[in-house]
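Visitor: I am new to this structure. Please take me through its aromatic rings, with a close look at one pair and what surrounds that pair.

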Amino acid sequence: MSRIEAVNDFVVKFANVNGSGSASANELFARAILRMGVPVSPRNIFPSNIQGLPTWYEVRVCEAGWLGRRGGVDLMVAMNPQTWVQDVAEIQPGGYLFYDSTKPMPVSAFRADIHVIGMPATAICNATYDVPRERTLFKNILVLGALSELMGIDAAVIEKLFAEQYKGKERLLDSNVRALHAGREFARDHLSVQPFGLKVKKADAVGDKIFLEGNAATALGCVYGGATVCAWYPITPSSSVAEAFEKYAAKFRVDPATREKRVAIVQAEDEIASIGIITGAGWNGARAFTATSGPGVSLMTEFLGLAYFAEIPFVVIDVQRGGPSTGMPTRTQQADLLSSAYASHGDTQHVLLLPEDPRECFEFAAAALDLAERLQTPVFLMSDLDIGMNQRLCEPLQWDDERRYDRGKVMTAEQLEAGAEFARYKDVDGDGIPWRTLPGTHAAKGAYFTRGTTRNEQAVYSEAGPDYIRNVERLKRKFATAALLAPQPLVRAAAQKTRVGVIYFGSTAPAMDEALAALGEAGIHIDAMRLRAYPFPPAVALFLATHDTVFVVEQNRDAQMRRLLVNELEVAPSQLTPVLHFDGTPITARFITDAITRHVHALATAPRSAA
């Protein structure tokens, strides 16, 4: 039987029961490999209840630096009888199954083309620990120890991680170290007779990259971007954005002299109230945001329409999850594109920013606050669970201390006093963006009545058709201006000239990077464009015009980005081939590679139509 042999390039998946304490041990496994200088990309796939249901933790180990999911599992650590059949089926031929052999398993439970490693972890813990909870928790550390011995992970690295985790709690530190070495000793004494082909070797492939969750990076971007008001209602997977913002604000948004907070954080009674609060804050001149997910966006649509039409700036951070309805709250998708782009009734269009990793979450959160004020409109930051709630290696966060916030066209008291014309909804510069004043700017000038109903350029109520047309056409011009101000798409040319292209965005990027390399090695050359914002700038139309076939890779059922491209750029639908992944798990490089390869081969063999 063949055996997978790999050093610093494999996939390990842990199958556990939620609430068993496995998450901490699994993360220690990933961090230990990272500390040995080998890039890792872990993903936690967990249920929406508190405990009892299956949970998985997948770790991509790749010295070459690929950070997306690869597809396939080389080592399955199967600790959950509920999902045994599913877990065993995922293992690559020649791969490895590590399981708790306390209870004997029938031969029929295994596959003939994989290598099985049994460790009676439950029996060892039952014999060692008297407290039931300790038996459960230390079983995970025992398994970690065994794996570290088999794979060559330095025990000293794990011990140092323990020391950092349990600083000041020496009793817990000592007991974890003992369990770790008990697992290593068992592996040396009982498991080393079986050859094990997956090894970790010290490397220097991490460099200065940092390990960070997207939600934490987003929150820090809001702090650096000048947000002073956060109103939110808890919803998975976005809650940790507000929680992290509160933590960072406690450090960076406190007056050093008085110790007073320079920020307002409100946990509202629901999503409607939260967006109402930031609408008022944005109208009053504060930089404000809310964090939510798809169901929250649905509830916020009326306020979004008001803010769009009254031209009030704020930011909505949408950490997307599986839907519709409450859907799969702990699974990832890119399925809120249409609902966010056109949120509210009538003719509304909203700016969407599409970050690929935590670093761009940080950068785009700050940029979104600038754009919202520059454009005087709501701006969405479209993250998702895969980016938001998983640790990801990324380039260090950078900030220019000379950077100044872009407040846009805000008329001052001095300008008003000097006789500058103020017409709240008049386009004086040709970019669709009017001038605004903030409440209390001047005692007698620059005041206006803010409303969601129609009005003329001076903000005076009007139901006259020409006034309405003039206003909404100006808003359309402003949206075109947004296309030039938002982050521009990035284009990667293939090694050879080609008329085939691919468009992708957001958390699909890491898997797409690897897929493009694999396709190139197979002789399939594709130009690639990563979208970073909607509305689409002229570069997107140019990319479509210079390619006969363009794949659009996204993580939803209905090809929502493809629909946006067809709707906004009036491109022929037949030119855009959807590549769709929507089972709630992050897309894999192999899925993309296989799908595009099939399509390309079909195009090559398709009969030509008669002239």
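Guide: Here is a walk through the aromatic rings. This is a predicted model, where local features need pLDDT of at least 70, side-chain atom pairs count only at pLDDT 80 or more, and totals for chains, interfaces and linings use all residues. Residues are numbered from 1 along each chain as its sequence is written, and side-chain values use heavy atoms, with hydrogens and water left out.

The structure holds 17 aromatic pairs. Rings of Phe, Tyr and Trp (its six-membered ring) pair if their centres lie within 6.5 Å; planes under 30 degrees apart are stacked, over 60 edge-to-face, the rest tilted.

Take Tyr 425 and Tyr 448. Their ring centres are 6.4 Å apart and their planes stand at 85 degrees, so this pair is edge-to-face. Both residues lie in the loop between helix 14 (413-417) and helix 15 (465-485), 23 residues apart. Helices here are DSSP runs (H or I, at least four residues), numbered from the N terminus.

Tyr 425 is buried, at 2% relative accessibility. Tyr 448 is partly exposed, at 22%. Buried means under 20% relative accessible area, exposed over 50%, partly exposed in between (1.4 Å probe, protein chains only).

The charged end of Arg 455 sits over the Tyr 425 ring, 3.9 Å from its centre. Arg 455 also has its charged end over the ring of Phe 309, 4.3 Å from the centre. Such a charge has NZ of Lys or CZ of Arg within 6 Å of the ring centre and within 35 degrees of the ring normal.

Elsewhere, Tyr 224, Phe 252, Phe 362 and Trp 399 form one aromatic cluster.

How values were computed
Helices (H or I, at least four residues) and strands (E, at least two) are DSSP runs, numbered from the N terminus.
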